[in-house]
Amino acid sequence: MAAKGQTSSEAGSRSRRLAAWLSGYQPVPGVPDELLDANGRPRAHWVTLLDGLASMGDEDIEHRFAAAGRRINDMGVTYRVPGESGERAWPLSRLPLLLTEAEWSDIAEGVAQRAELLDRILADIYGEGRLIADGALPAAAVTGSPDFIRPMRGVKPPGGRWLRFYAADIGRGPDGKWWVLGDRAQAPSGAGYALQNRLVLSGTFPGLYRDMKARRLAPFFREFREGLAAAAERADPRICLLTPGPWSETYAEQVALARYLGLLLVEGGDLAVSDGRLFVRTIAGLKRADVILRRVDSDWTDPLELNAASHLGVAGLLNVIRQGAVAVANMPGAALVESRALMSFLPVLARRLTGEQLKLPNIATWWCGQDIERAETLESLDDLSIAGAFRENLPGFPGKQALVGAEMDAAQRARLVAAMQDRGVDYVGQEIVKLSTMPVWTEGKLQPRPFSLRIFAAATPQGWRIMPGGFCRVSDQLDVRAVSMDSGAQSADVWVLADRTPDHATLLPPSDGGRIVRVLGLLPSRAADNLFWMSRYLERAEDTLRVVRCLCNRLTDAHTADSGDRQTITRLERLLASWGAVPPPARGAAAVLPTTAMARAAACEEKAYGSALSNARNARRCASIIRERLPQDIWQLMGRLDDRLDRIGARGASEPEIIEHIERALHTLSALSGLIGENFNRVAGWNFLDLGRRVERAINTCRFARQFCDTDATIETLDAMLELIDSQITYRSRYLVGAAVAPLLDIAILDQFNPRSVAFQLARIDEHLAALPALVDDGVLEPQRKLSVRLRGKLAAEAATNLDVSDILSIEQRLMGIADAIGDRYFSDNARRNSLDRPAELA
Amino acid sequence: MIYDVKHVTTYSHETPVSSTRCAMRLLPRSDAGQTVIRSALELTPKPETSAESTDFFGNRVVEARIATPHAKLRIVMTARVEVRRSEPPAPELTPTWEQVARTAAGSDSLAPDSPAHFIFAGRQTPMSDSVTAYARKSFAPDRPVLESAADLMRRIHKDFTYDPDATDASTPLAEAFEAKSGVCQDFAHIMIAGLRGLGLPAAYVSGYIRTIPHEGQPRLEGADASHAWAAIWCGPEFGWLHLDPTNAIFVGNDHIVVAFGRDYADVSPVDGVIRGGGKQDLQVAVEVKALESAEKPARSEPPVEPKLI
């Protein structure tokens with residue numbers, strides 16, 4: 001009885017909830033909506049979704065949404081807004097957009113047709129040029145595009161296609177049909193975000209996702225990768241994703257995509273041209289690059305032939321393409337088809353090139369470079385919007401993307417009309433876009449919001465493949481103009497609902513999380529460089545914190561401290577100052593900070609380049625460049641370290657609190673080194689992480705020894721030394737007497753069994769260098785290895801009683817020499833790339 | 001007229017450069033009215049690879065790679081060029097400027113000299129309302145295009161001060177226009193931006209002008225340095241006509257063309273990527289000697305030695 005009663009009350013609350021959601025949902029009159037049909041009735045597939053949600057209970061739903069939010073943070077799904085230094089967390093709508101199989105297949109056919117058409121148009125423009133010579137397309141509708149890359153004229157695209165990865169932005173118009181709003185051919189972004197959206201949402205509602213038979217995305221990505229590979233000259237090609245770097249707006253997406261597809265993520269500086277071929281600079285020398293998935297805009301890809309100011313590209317890349325030695329997706333110059341000017345000619349070009357009508361129409365567009373079209377546009381200005389023919393912005397109206405005819409004031413109108421009379425070629429008239437709405441979840445309610453949808457197409461040897469899903473952007477306002485991620489919009493996962501249960505093969509992976517390939521291949525020099533430095537910075541942060549802790553431990557009774565302690569404090573302070581851990585004293589200020597202030601500054605002063613916080617941030621900066629190689633938890637722990645250090649600076653923190661925070665930060669650092677030791681893939685550059693740490697620790701240990709074990713050393717300074725190198729226990733177990741210089745130096749410098757000694761670090765350094773690949777296999781030691789072998793031999797033969805400060809300094813310098821030699825041998829000298837100054841034409 | 005040209009470019013780097021990869025547009029092109037008899041480009045240190053090709057606009061480009069560390073790079077271009085240009089047409093016979101703009105927008109050619117390439121904003125020639133307004137004063141309705149363009153050229157010559165210290169290779173056009181001063185590059189850019197603002201096809205031409213003046217005539221601005229001017233397309237019948245706003249003259253047999261493009265960025269004499277090097281110092285020396293000339297000056301002065309050897 002009780003159970004039955006509960007069930008019916010549950011069913012009751014479920015239907016009440018559903019009814020409340022639906023009755024509170026009010027679409028805009030005259031605008032089609034995804035949830036409700038023209039008669040205001042909810043569509044069956046949306047009811048299935050909402051009913052599934054309603055069965056969960058309010059608390060359950062909120063818990064799931066909260067978990068989704070954490071998942072997004074943990075995955076590091078972020079994006080950048082131009083002009084901001086930080087990255088923003090990804091705003092994911094809690095509800096997916098639902099598309100029926102029938103609806104989707106119409107879209108897919110239309111997008112595939114369009115991709116093929118655009119590829120043929122590109123082939124004609126860069127090849128024979130018949131469309132222009134025959135008058136089907138005015139030359140100026142092409143030459144006005146900043147993406148008409150002239151050096152590519154006459155070039156045969158390696159692999160046979162100009163376009164390999166294309167996206168169409170579509171929206172549902174007032175008549176309920178889908179329309180193409182824009183074409184993306186430069187380097188379409190969003191596919192990686194779509195993948196992330198799927199991972200999060202399918203994890204949030206696994207049951208619903210399964211029951212609704214949403215089509216998987218994985219097969220599309222597998223075919224996309226196969227298509228890229230097929231473009232290469234040789235089997236099993238090396239495919240690189242060329243990124244503009246961590247400052248790019250969509251860097252996080254590029255990282256995710258490179259990881260998922262198993263591509264090598266490279267920046268321009270990682271690539272080199274030699275003998276007409278393209279190579280990746282790796283720690284094992286130059287390795288051939290066969291295919292480039294390009295995320296750098298065409299104009300920036302080759303400073304020799306294109307934009308000379310570019311540091312993102314590769315000098316000589318276009319020549320390699322010309323010789324057919326590298327396939328690029330998409331070819332430089334493919335983004336030509338993004339221009340609105342071209343859009344106005346597509347209906348005609350479609351009939352001419354494919355013999356078909358456009359299956360998905362694009363919004364009606366008139367290019368004003370032609371007298372008749374310009375006159376018509378000006379005549380019906382009140383019903384149109386005016387946009388740039390070739391560029392994002394409206395020429396002559398800085399900061400504006402388009403002007404709606406009916407909304408202009410008289411001055412704007414006069415200025416625009418005059419500009420269109422002078423330079424009609426720069427403008428198009430377009431019909432005004434009105435997008436349909438879909439439901440979003442806002443504080444327990446459903447609300448209609450306009451959206452646009454990006455559909456992705458990939459070229460494969462079997463033709464175009466369309467991703468069964470997409471990147472859906474939902475506006476945060478009811479009144480829609482354009483939907484872009486930096487205007488407060490959110491994105492939604494897109495579920496294409498299969499008519500039948502997805503076939504067996506696509507069912508195999510439990511979700512789309514199954515990686516397709518997991519071979520990151522050889523280690524690019526830049527990645528090695530950043531791994532090495534990330535690790536050096538972390539070690540430097542740790543050693544700085546140890547000094548600070550040592551200082552704080554001596555502060556508690558500083559006023560009563562005897563001269564020995566005072567001397568130790570002075571030396572610790574000197575050490576921090578020489579490391580740049582405290583800001584230089586301001587002019588006119590007291591020369592030395594009070595000791596507590598100094599300790600705090602050394603831990604968390606942003607303005608001191610050598611403070612623990614600055615070092616931790618530098619480590620994080622290095623890590624951000626190689627994020628695709630770092631396990632997620634390492635990335636997260638580095639964020640936490642930053643927080644912990646920041647907290648030390650909190651106003652009014654007392655000495656004991658400072659010590660407590662320092663301890664915590666040190667714990668985080670040990671957790672990090674533990675994770676790196678246990679979880680870091682040994683072929684993916686772990687050598688360089690460990691090398692960085694060993695080199696830095698060895699150097700710092702020498703510095704400690706020079707500071708605390710000189711001829712004026714006291715019991716107190718030697719104690720400080722033991723504390724800094726964490727070797728109190730080792731020392732006391734060996735020597736019953738108090739600290740003395742020679743035994744201490746033996747433990748700190750020469751003892752091969754003490755994991756904090758210089759000799760121990762050097763042995764590991766030498767082992768790593770022996771294990772790394774040689775450039776030439778002639779049995780001759782490379783310079784960096786020669787240095788490590790020699791120094792290792794010297795330390796093995798040295799006696800602690802003979803060591804003085806100048807010997808230690810010489811060891812320290814030789815260690816730095818090893819670090820430099822490692823840099824010269826393995827790391828790309830990208831940082832030193834420069835442009836030649838241009839001679840002016842004076843006269 | 002036959003000219004011998006020597007153009008020496010020297011880069012001195014604060015610390016040695018480990019490698020240089022550069023593209024040079026220094027060798028003059030053979031063109032209507034001009035034949036290159038011989039030409040050579042010599043680099044010190046010697047490049048590992050060096051290859052000549054032709055860019056989209058038909059300019060000669062030499063791409064070279066130097067992999068030996070060097071603190072100094074010396075590029076010497078020598079050429080003998082015969083110039084025999086026909087007289088420019090009578091300006092009043094050219095079509096109206098409105099007609100030229102319309103023809104250019106409707107062009108059905110992607111050929112390198114098609115006007116369709118030359119009506120849009122370039123890297124260093126952005127559109128500017130104020131520059132367009134300045135140019136418009138020369139373009140009364142239905143005025144023949146060359147007459148209007150020549151008027152604009154003379155106005156620029158009159159309104160702007162030649163001042164080599166006012167600008168450098170990368171000075172934005174707007175800045176030179178505001179200051180009403182600059183060098184040939186600025187004047188050419190301003191003229192081009194003004195013409196394009198009205199929808200007219202305009203090109204940038206780099207080259208040289210004779211060093212030693214004709215007897216009894218003043219020395220032309222721009223000798224002993226590389227020169228630049230503008231060209232305007234005057235319809236299919238007349239094609240491209242060259243105008244030198246720095247000297248307010250039509251380009252004739254005193255000018256030698258090196259390269260032709262949309263603006264300086266298309267014809268920059270040297271573009272390159274280096275590794276290392278620190279601060280750089282750039283010196284350029286140009287010498288243009290007329291060989292066959294009635295009023296050939298006696299060797300009253302020694303040949304000008306390039307300044308930095």
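I began with the domain centres: over C-alpha atoms, domain 1 and domain 3 of chain A lie 45 Å apart. The bounds come from an automatic or database domain assignment. That assignment gives chain A domain 1 (97-341 + 435-507), domain 2 (364-431) and domain 3 (526-831).

I noted the conventions. This is a predicted model, where local features need pLDDT of at least 70, side-chain atom pairs count only at pLDDT 80 or more, and totals for chains, interfaces and linings use all residues. Residues are numbered from 1 along each chain as its sequence is written, with chains lettered from A and ligands numbered from 1 in the order in which they are written.

Next I looked up contacts (C-beta atoms, placed from the backbone, within 7 Å). Twelve residues of domain 1 of chain A are in contact with twelve of domain 3 of chain A.

Then I turned to the chains. I found 36 residues of chain A in contact with 53 residues of chain B. β23 (833-835) of chain A is among the elements giving two or more residues to the chain A side. β23(A) supplies the largest share, three residues. Strands here are DSSP runs (E, at least two residues), numbered from the N terminus.

I checked the pairing of β23(A), which needs at least two DSSP bridges. β23(A) runs antiparallel to strand β13 (residues 270-276) of chain B over three bridges. N834(A) stands opposite I274(B) in β13(B).

Last, I looked up I232(B). Not counting residues up to four places away in sequence, I232(B) touches V145(B), A149(B), L195(B), L200(B), P201(B), A202(B), L241(B) and L243(B).

Technical notes. Contact = placed C-beta atoms within 7 Å. Helix = DSSP H or I, 4+ residues; strand = E, 2+ residues; numbered from the N terminus.
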